[in-house]
Amino acid sequence: MNGNYYPLVCGGLDTSKYLAMQFDTDAESGMALIYKRENVNEASYLLKLNGLISDAVYEIYNYDTPDVKSKYTGSRLMTEGIELAINETPKAVIMIYDIAE
């Protein structure tokens, strides 16, 4: 994938911390990869994205549940973020976003 890479959480080798990163091809679409490692105790992750268009509305969904989609402004996704429930350990979550039509 060409575009931008944003490290969201840099846990290094510490398996008690989430590891998260964002990739995009432009400000209109991309994905975030969140890894809950084996020693992470938190059951949720606050996802805040980067490089979005503040006043655009984005549709975002979990790759595992593509029929469940939510809409937020770019501003909301970059400042307040969205809380992701991640109960399984270890678990990889892929969140995909695109400007809503």
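**Group meeting: core and pocket of a predicted model**

Good morning. Of the 101 residues in the protein chain, 32% count as buried, meaning under 20% relative accessible area with a 1.4 Å probe and protein chains only. This is a predicted model, in which local features need pLDDT of at least 70, side-chain atom pairs count only at pLDDT 80 or more, and totals for chains, interfaces and linings use all residues. Residues are numbered from 1 along each chain as its sequence is written, and side-chain values use heavy atoms, with hydrogens and water left out.

I begin with the fold. The protein chain has one helix and eight strands, which are DSSP runs (helices H or I, at least four residues; strands E, at least two) numbered from the N terminus. From that terminus, their order is β-β-β-β-β-β-α-β-β. The C-alpha atoms fill a box of roughly 40 × 25 × 25 Å along the principal axes.

The largest nonpolar core has 20 residues, and Ile34, Tyr45, Leu47, Leu49, Leu84 and Met95 have the most contacts inside it. Such a core is a set of buried Ala, Val, Leu, Ile, Met, Phe, Trp, Tyr and Cys residues joined through side-chain atoms within 4.5 Å. Two or more residues come from each of β3 (29-36), β4 (44-47), β5, β7 and β8; β8 gives the most, with three.

Finally, the largest pocket. Which residues lie nearest its centre? They are Asn62, Thr65, Leu84, Ala85 and Met95, among 18 lining residues. β7 supplies the largest share of this lining, four residues. A pocket here is an open set of points on a 1 Å grid over the protein atoms alone, where a 1.4 Å probe fits, with protein on both sides within 12 Å along at least five of seven lines; lining residues have an atom within 4 Å of a point.

Note on methods:
Buried < 20%, exposed > 50% of the residue type's maximum accessible area, 1.4 Å probe, protein only.
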